[in-house]
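Here is a short report on a protein structure. Look at the model first, then read on.

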Amino acid sequence: MTFNGWVQIALFVAVVLLLTRPLGGYLDNVMAGRRTLLSPVLVPVERGFYRLAGIDPAEEQSWWVYARAMIVFHIAGFVLLYLLLRLQDLLPLNPQGMAAVLPDLAGNTAISFLTNTNWQNYGGESTMSYLSQMAGLAVQNFLSAATGIALAVALVRGFARAEAKGIGNFWADLVRITLYVLLPLCILLTVFFVWQGVPQNLGGYVEATTLEGARQKIAQGPVASQLSIKMLGTNGGGFFNANSAHPYENPTALSNLVQMLAIFAIGAALTNVFGRAVGDERQGWAILSAMGVLFLAGVFVAYWAEAGGNPLVAALGVDTTAGNMEGKEVRFGAPLSALFAVITTAASCGAVNAMHDSFMPLGGMIPLINILLGEVVIGGVGAGLYGMLLFAILAIFLAGLMVGRTPEYVGKKIEAREVKFTMLAILCLPLAILGFASVATVVPAGLAGPPNAGPHGFSEILYAFTSAAGNNGSAFAGLAGNTLFYNATLAVAMMVGRFAVIIPMLAVAGTLAAKRKAAASVGTFPTHGALFVGLLVGAVLIVGGLTFLPALALGPIAEHFALLAGTLF
Amino acid sequence: MLRHVRASVVILLLMTVILGLVYPLAMVGIAGAAFPGQSAGSLIEKDGKVVGSSLIGQSFTADTYFHGRPSATGDGPYNGASSGGSNLAPTSRALIERVREDAGKLGKGVPVDLVTTSGSGLDPHVSPAAASWQIARVAKARNMSDTELQRLVAQHTDGRAFGLLGEPRVNVLQLNLALDALAKR
């Protein structure tokens, strides 16, 4: 580890903290329907949407109506995306003449992009037409991100409101977030990324003649516009197979910094939205602090592991002072690759600027743990905040048990119904991950997936289902996932990970909104201090740790000790 | 329920037009006007022919050129239409055997980036140490002096952005183009 590496990490953290409050204020204004800088341009557009769609944006929806609207919207999105992928060979903007995507891959991909997972069982530049990328995948990148933010805001309203029937209007939330937040920021990001060298064109792939006289085909496309929303919406699905390791998709250290910031910006700002909504911004900072503790711990371990290099490579007389460089780009080196890996899995982004599959055993374990913990460290846009708030409910419930008092959180009594729904949402994730991973390690179709043998092969399977159920989308990418078995099981895991969390979460939002505000008393446990932060971090680690430690012991931990003993597979 | 269906379909179609067509196509226009070189892929032309992109590494095997890193792209190294890494585990026998063979050819103390594949397989850079490592070979093949090449490598070494971000690096294609230009003079 170098001083320079840590300065870069510190710079990133500082900029995220500086962005949190201003962006939180803007988001708060947008979600409350107040006037903003962009209102003069966007209000007419927004009204047009509502008129054509037959929506009254002021109509309050109960949690169940809100959930139904969201589900119907997902079904429509699935149908359109599936058709686009299946018919891409007949549609325009396909200069490379890409064939239609086969049914199981198209289904897996459609679910993957709808659920904000962006797991990719395909290589972008060898599978997708420009139209599929732009009008299919990128559109769902916007909409699944907007859905995530909408859901988080709905839960925040549950805490903020008292004796209310509704938790907001799904359609209005969706349209506002997309038009006022995601699209304007993406336009700025796109211009920036093109300046840094990311292509944005519709031309066919370029045929170059190299200096040694060989032919080199170089993929092109409208990369920058898709890259922007892929990061900002914590989607993570690469335009190219190599994702943000591809020099066209992440050309410089500066583009890399902005991509990392784009992943965390909205998720961090949402904690501030929460604080504002419950009338005490310290509540938001407490949540962000708990996230920060987990984040920095992850960065430390991953950076330490990657900077140390591979001792088996060093033993062959190679100078490994630069660290473990297999699967990494020279322009990023070990520190920025490790940092990016932690960020992308702490948030449920899943973009990668280095191949996690080739990380050191403990370095690769950190991304895995981040997703296993439920991606509550900043998390996916929206998904991180509602995930962390569910853990906050659990933490406050545990604290209540210890002192024998009805738990309260930001003025709301936490009772049996909320705790049951919270546990349901929290337990679905390990069920999907461990259930499918166990099946895949015994059936031949599952065992055919991992190219690496030994404990690392198990890690590859575990990572796949973790990433799918966690709606992350990053991979130990060696796994041959484009098979009927993996396309189908991963698709189910992605749906469980999305909807089995969202629906109980919305139920919690609904019951919380209906409750009266309880006045704080001397007996109320303060939830803006260090004690609560510690309790929250503890709850996340204990639930995650107890559930997944055995699986981690079989995968990365076993591989770590095998490595120390010099065992090869 | 029917209201939800109508709202879903209308919003989805409107969003597809705005986000899926208007936004990317407008960005193609704006980017093309503001940054024509970058938006077209940072292509390098020599004598009217495209010889590559300054952002995309290419395969070099001749002794007269500086070499890039090993590449694990699909269908052969440095395939610009099929990016990807080796995805080999640190405990993979295939990885260690490959490194053993490459390190054996390159010699003891070789910088790690010269014997490892990049994440994209298209890494256009090597570390300054990896470029220096090859100076003796290129100098011999080109009948040039070591100091001349040291100067050239130093000229083509990019530092960290703002002295802070990223890692120092050498763009192999641009270095080799400069090498050819030097030889022509």
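## A buried asparagine

A:Asn243 is buried, with 32 other C-beta atoms within 10 Å. A residue counts as buried if 20 or more other C-beta atoms lie within 10 Å of its own, as exposed if 12 or fewer do, and as partly exposed in between; C-beta atoms are placed from the backbone. A:Asn243 sits in the loop between helix H8 (223-232) and helix H9 (253-277) of chain A. Its phi is positive, about 60°, although A:Asn243 is not a glycine.

This is a predicted model: local features need pLDDT of at least 70, side-chain atom pairs count only at pLDDT 80 or more, and totals for chains, interfaces and linings use all residues. Residues are numbered from 1 along each chain as its sequence is written, while chains are lettered from A and ligands numbered from 1 in the order in which they are written.

## Another asparagine in a loop

Turn to A:Asn471, in the loop between helix H17 (455-469) and helix H18 (484-514) of chain A. Is A:Asn471 buried or exposed? A:Asn471 counts as buried, with 32 C-beta neighbours inside 10 Å. Its phi is near 55°, a positive value in a residue other than glycine.

## Chain A as a whole

Chain A has 19 helices and five strands. Both are DSSP runs, numbered from the N terminus: helices are H or I with at least four residues, strands are E with at least two. The radius of gyration of chain A is 23 Å, close to the 25 Å that the globule rule gives for 569 residues, so chain A is as compact as a globular protein of that length. This radius is taken over C-alpha atoms, and the globule rule is 2.2 Å times the number of residues to the power 0.38.

The C-alpha atoms of chain A fill a box of roughly 75 × 55 × 45 Å, taken along the principal axes. Of the 569 residues in chain A, 63% are buried. Now take the contacts in chain A with a separation of 6 or more: 78% of them join residues 24 or more positions apart. Two residues are in contact if their C-beta atoms, placed from the backbone, lie within 7 Å.

## The nonpolar core

The largest nonpolar core has 250 residues. Such a core is a set of buried Ala, Val, Leu, Ile, Met, Phe, Trp, Tyr and Cys residues joined through C-beta atoms within 7 Å. Helix H6 (residues 130-160) of chain A gives this core its largest share, 21 residues. The core also draws at least three residues from each of domain 1 (2-37) and domain 2 (41-184) of chain B.

Which residues have the most contacts inside the core? They are A:Leu339, A:Phe465 and A:Met505. Leave aside neighbours within four places in sequence, and A:Leu339 is in contact with A:Ile9, A:Phe12, A:Met260, A:Val299 and A:Tyr303.

## A hairpin in chain A

Strand E1 (residues 206-209) of chain A pairs with E2(A) in the antiparallel sense over four bridges. Two strands pair if DSSP finds at least two bridges between them. Five residues lie between the strands of this hairpin, where A:Gly213 takes a positive phi near 90°.

Across the pair, A:Val206 has A:Ile218 as its bridge partner, and A:Ala208 stands opposite A:Gln216.

## Chain B: domains and a helix

Chain B is divided into domain 1 (2-37) and domain 2 (41-184). The bounds come from an automatic or database domain assignment. The domain centres, taken over C-alpha atoms, are 39 Å apart.

Helix H6 (residues 146-155) of chain B has the buried residues B:Leu149, B:Leu152 and B:Val153. Seen down the axis of H6(B), these fall within an arc of 100°, so they line one face of the helix. The arc is that of the directions from the helix axis to the C-beta atoms. The face turned away from the buried side of H6(B) carries the exposed residues B:Thr147, B:Arg151, B:Ala154 and B:Gln155.
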